[in-house]
Amino acid sequence: MEPSTALRLQPAGAFRLHNNAPAPFDDRRVRMRMRMRIQHLAFPNLQSARLSIRPATRIHPLLVCSATKQSSAAETLQNHKDEAIILKKKSEDVLSHLDDRCIYLVGLMGSGKTTVGKIIGEVLGYAVFDSDKLAEQTAGMPSVAEIFHVHGEAFFRDIESQVLKDLSTMKRLVVATGGGAVVRPVNWRYMKEGISIWLDVPLEALARRIAAVGTASRPLLDQESGDPYTKAFAKLSALIEQRYDAYANADIRLSLEDMAAKKGHEDVTTLTPKNIAIEALDEIQRLIA
């Protein structure tokens, strides 16, 4: 090709040779079109498209936000599906060794015993009971707080022990116990008929959880003064000091702080109830297999 010969991109999108034609490289769009055309010629198997230069499309921030939310929702849904599959598999592994034994969940108020207990009960095909609710029904009163107010704590503890005694004679139950059920040694005699699990939750997380829902339903907290978080944290600190050794009688201790750390998190609120239930089934299998 002579020095004066140049390539010019025609409207139809084909290259032709023109003598003495001015070089089209002064125009940025032409350069880009040429580059795209060269790529097409170099890789003929790639799907071809009409050569055109369109202005960059500006993506609206709300659209980005919406796409992000949709992606997050899809990821959350997939996580739920994964958790359900894991729970089913682990429950099958545990049932073959459990021999219909009951499972008792212990821990401070607000530690999630009832929520986690329902998940475990569902996957194992066990009935689920809340010992506080059964005590309320036995006393014929609407709440534990009302029982404390009218009859005092000792009266409630007597009913609680009777409830646990009755439950200990049964099979295939998950029992979410009250926070103070561990105090009386006789209650441990009843719970040792099955498998006991201590849900050990950091006090800061418990105090935030309790403060968020209020303390009116917590008879040991409702009489305290101060803002909800401060009085919850102060009372929980005193209770764990009094009850730590009693909780330690449990066959299994689930430290939510340790669980979160294994997942690379510092905040235990990143753990879902299903995460905790899966860990509980893991520990039960290690205990009885």
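Guide: D99 is exposed, with a relative accessible area of 56%; exposed means over 50%, buried under 20%, and partly exposed in between, with a 1.4 Å probe and protein chains only. The model is predicted, so local features need pLDDT of at least 70 and side-chain atom pairs count only at pLDDT 80 or more, while totals for chains, interfaces and linings use all residues. Residues are numbered from 1 along each chain as its sequence is written, and side-chain values use heavy atoms, with hydrogens and water left out.

Visitor: Where is D99 found, and what is its phi?

Guide: Most residues other than glycine have a negative phi. D99, although not a glycine, has a positive phi of about 55°. D99 is found in the loop between α2 (61–98) and β3 (103–106); helices (H or I, at least four residues) and strands (E, at least two) are DSSP runs, numbered from the N terminus. R172, not a glycine either, has a positive phi of about 55°, and its place is in the loop between α6 (153–167) and β5 (173–176). R172 counts as partly exposed, at 31% relative accessibility.

Visitor: Which residues have the most contacts inside the largest nonpolar core?

Guide: A nonpolar core is a set of buried Ala, Val, Leu, Ile, Met, Phe, Trp, Tyr and Cys residues joined through side-chain atoms within 4.5 Å. The largest here has 65 residues, and L98, I103, I120, I197 and I284 have the most contacts inside it. Helix α11 (residues 273–288) gives the most to this core, with 7 residues. Leaving aside neighbours within four places in sequence, I103 is in contact (heavy atoms within 4.5 Å) with residues including L98, I120, I197 and I284.

Visitor: How many cavities of 30 Å³ or more does the structure hold?

Guide: Rolling a probe the size of a water molecule over the atoms shows where empty space is left. On a 1 Å grid over the protein atoms alone, a cavity is a set of points where a 1.4 Å probe fits but cannot get out, and lining residues have an atom within 4 Å of a point. Grid points are joined across faces, edges and corners, and a volume is the space filled by probe spheres set on the points. The structure holds 1 such cavity, with about 30 Å³ of space in the largest cavity. Its lining consists of L108, S111, W198, L199, D200, V201, L206 and I240. Strand β6 (residues 195–200) gives the most to that lining, with 3 residues.

Methods:
1 Å grid on protein atoms, 1.4 Å probe; cavity = no way out; pocket = protein on both sides within 12 Å on 5 of 7 lines; lining within 4 Å.
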